[in-house]
Amino acid sequence: MEHRNMKELPKEDQPYERCLKEGPESLTDAQLLSVIIRAGTNKANSLELARQILTLQDPQGGILGLLHLTLPQLTAIHGIGEVKAIQLLCIGELSRRIWKARAIGNHPRFIEPREVADFYREDMRHMEQEQFRVMLFNTRQILIRDILLSKGTVNATLTSPREIFIEALRYQAVSLILVHNHPSGDPEPSREDIALTKRVREVGELIGIRLLDHIVIGDVSYVSMKERGFC
């Protein structure tokens, strides 16, 4: 595609002008991103850079890919330096936190496995490594902490009941839910997943901190260990 200066583009393709006239909701994903990037290079304007970024994870240019980009991936694009790359990573993290804050509201209660899965799915389903989290609850089953315990390889995380209950005792939790993802997209629990669930349940019974569930997140589905009878 031939490079064109932003001012040479039709008015409807100039993000600032379109935003002023019609509001930010009128902009495409690439146009929104180009506003953040601000300046391009002599070889690519900010809109062209935005389109390059959006296709790094998804050839179709999906916006969700932005949440899973790394600093080296971004800085590999000519025209995206370290400062711009960090700004883009921070925007992705802000969007995650805004979405979570909206999802849990002021009194975050999680009663059904589906509610836990819905809360984490978009954040965890595209990850290339397993991530293991623990949700800690008070006596009214209100979430008091959401803690990332470990990141693992493509098919395994490294965690133990000891690490889990150190955090639970630190925040005086009375119950907890374990959550981890399967990068393969298949949420079917492994033997190790089941064994860990049983160990955590047994230790929790001894010290008075109840394991409510262990949710395994896949691409479009999840498995609840409670529903399978392991909690």
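**Aromatic pairs and helix packing in a predicted model**

Good morning. By the rule that rings of Phe, Tyr and Trp (its six-membered ring) pair if their centres lie within 6.5 Å, the count comes to three aromatic pairs. The rule also sorts pairs by their planes: under 30 degrees apart counts as stacked, over 60 as edge-to-face, and the rest as tilted.

A word on the source. This is a predicted model, in which local features need pLDDT of at least 70 and side-chain atom pairs count only at pLDDT 80 or more, while totals for chains, interfaces and linings use all residues. Residues are numbered from 1 along each chain as its sequence is written, and side-chain values use heavy atoms, with hydrogens and water left out.

Let me return to the rings. The centres of the Phe110 and Phe137 rings are 6.4 Å apart and their planes stand at 70°, so this pair is edge-to-face. Phe110 lies in the loop between helix H5 (82–104) and helix H6 (113–124), and Phe137 in strand E1 (residues 131–137), so the pair ties together parts that are 27 residues apart in sequence. Helices here are DSSP runs of H or I with at least four residues, strands are runs of E with at least two, and both are numbered from the N terminus.

Phe119 and Tyr120 form another edge-to-face pair, 4.9 Å centre to centre with 80° between the planes. Phe119 is buried at 5%, and Tyr120 is buried at 0%. Ring pairs link Phe110, Phe119, Tyr120 and Phe137 into a cluster.

Next, Arg121. This residue has its place in helix H6 and, at 17% relative accessibility, counts as buried. Which residues does Arg121 touch, not counting those up to four places away in sequence? They are Ile217, Gly218, Asp219, Val220, Ser221 and Tyr222, where contact means heavy atoms within 4.5 Å. Arg121 and Gly218 are 97 residues apart along the chain, yet their C-alpha atoms are separated by 7.7 Å.

I turn to helix packing. Axes are lines fitted to C-alpha atoms, for helices over the stretch in contact, and angles run from 0 to 180 degrees between N-to-C directions. Helix H7 (residues 161–170) and helix H8 (residues 191–207) pack at about 45°, with their axes 10 Å apart. H7 and H8 are therefore oblique to each other: under 35 degrees counts as roughly parallel, over 145 as roughly antiparallel, 65 to 115 as roughly perpendicular, and the rest as oblique. The contact is made by Pro161, Ile164 and Phe165 of H7, and by Leu196, Arg199, Val200, Val203, Gly204 and Ile207 of H8.

Helix H1 (residues 15–22) and helix H2 (residues 29–37) pack at about 110°, with axes 9 Å apart. H1 and H2 are therefore roughly perpendicular. Pro15, Tyr16 and Arg18 of H1 meet Gln31, Ser34 and Val35 of H2 in this contact.

Finally, the whole chain. The protein chain has eight helices and five strands. Of its 231 residues, 42% count as buried. Among contacts with a separation of 6 or more, 58% join residues 24 or more positions apart. Thank you.

Definitions and conventions: Buried means under 20% relative accessible area, exposed over 50%, partly exposed in between (1.4 Å probe, protein chains only).
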